[in-house]
Amino acid sequence: MTAAEAPRTACILTGYRPEDGFLAAELNPPPPESVWHDKEAEQQDRRYGPGVGYQQWLAVDARTGAVWFGDVDWRAPREDAESRLPGVPRKALGDGLLPAPGVLVQLLSHMTHDEQRGCSWCFFTAEELHALALRVLPAVQRLVDSIHRTGPAGELEWSAEAATAWEDIERVATHTFPASREVVWPRLLMTPAPAWRVEVGDFLESNPDLCDPVWESATDAELDAYADFRPESGYGGVPGRVCLAAGRQIEDGFTFYGHRAALYARRARAWDGRTPMDARTWLERTEAGRRTWEAAKPLGATLADVPDCVLSMLADGFQSAAQGEGLALMGLPAYLRRLRAEEREAVDCQLVREGEEVERLENMLREFRAARNRTVARILTWADGRTDEEIAHLASTSPECVGDWRARLGEEQSSQPADA
């Protein structure tokens, strides 16, 4: 069973329930003598006992809804504590994709402080952690029901409601320790997603003029790259990119969720039930695609010679032909642009070769011209009575050129000083 097909019912894993005898819940809290705080100690490493670093956690598989709990070895180095957790704390994540396998960890606080008692610690038993897990199950169910699952592998991406559900989990898992010295857990509330949390899909529905038709035939990789917009300042993701391109500005104070999910959803609606297929595969490897390509080739020209408008017309024609077969071509505009770029690159290489040949021939021509000029000048020095026309015929040039050489030669001879 794949991750996308796994059950999505919030439940406590087997081995973490009373009926299982808590066989999988091996809790090892530190002894009381290792948990203390001495605020008068001069050295920092002597202010807290070695057991203060002990950490209990509640884990949630956002893909399946499984919940379990455990702890971290209090004797291990504190800097390695997060590496020994089963997942990632929410504070370490942004509001986009969740790293695989999608396990989130809620760390439980243990220390409280007041003026009368000072610092005190409270560690929980497996029974108490099981009771906490039971309390959070409704919020976990809301989380797994609302989180975005994008792409063929169902990759997890935060939604506005899922992020709110996790905050409810954090709230109910944060206890208080009043003067009665009895642990008090908050009541679980199903908080509505606040208005400042905005789904990118809703944003695009409200601003259809900002949507790019190219999304409808883009590949997964192209949509992922479009959604992954990270400017140094201002909004990122899809809203940031489309508003930047349109010269629009978004008011501050919003957080956007479901960037990839929104693009994938728009593309799926455009497909309207058609089967997606890579444009290159269809055009190069299927009989219908090759036939369509041959019929659509520009007469007397290659793709290198067609402008963008013709390329768009070709793309529309290919999509229409594929639609007749129940297909939706992915990556078609990029594929055609890549073909045109390859053909234009070949033309550039041709120009380089032609330029090099012209340069070689021009260098040869300069050498032959210089040799001819020297020979003409040599014959002129003979002064054997031949006319400019006769010499020009031999040199394959005009009599006027020979006349100019004769005049320059005469000037050079007259400027030379006479022998003493």
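Colleague: At what angle do helix α9 and helix α10 pack, and how far apart are their axes?

Modeller: Bearing in mind that this is a predicted model, helix α9 (residues 308-323) packs against helix α10 (residues 332-382) at an angle of about 130°, and their axes lie 10 Å apart.

Colleague: Which residues of α9 meet α10?

Modeller: From α9 come D308, L311, L314, A315, F318 and Q319, and they meet L332, L336, R337 and R340 of α10. Sorted by class, this contact has 6 nonpolar, 1 polar and 3 charged residues.

Colleague: Why is strand β3 said to be largely enclosed by the rest of the structure?

Modeller: A residue counts as buried under 20% relative accessible area, and 7 of the 7 residues of β3 (residues 66-72) are buried, so the strand is described as largely enclosed. A66, W68, G70 and V72 point one way and V67, F69 and D71 the other way, and all are buried.

Colleague: How do you know that β3 pairs with strand β1 and with strand β2?

Modeller: Pairing requires at least two bridges; β1 (residues 11-12) is joined to β3 by 2 bridges, in parallel, while β2 (residues 55-61) pairs with β3 over 6 bridges in the antiparallel sense, so both count as paired with β3. C11 has A66 as its bridge partner in β3, and V60 has V67.

Definitions and conventions
Residues numbered from 1 in each chain as written. Predicted model: local features only at pLDDT ≥ 70, side-chain atom pairs only at ≥ 80, totals over all residues. Heavy atoms only, no water. Axes fitted to C-alpha atoms, helices over the stretch in contact; angles between N-to-C directions. Helix = DSSP H or I, 4+ residues; strand = E, 2+ residues; numbered from the N terminus. Contact = heavy atoms within 4.5 Å. Nonpolar A, V, L, I, M, F, W, Y, C, P; charged D, E, K, R; others polar. Buried < 20%, exposed > 50% of the residue type's maximum accessible area, 1.4 Å probe, protein only.
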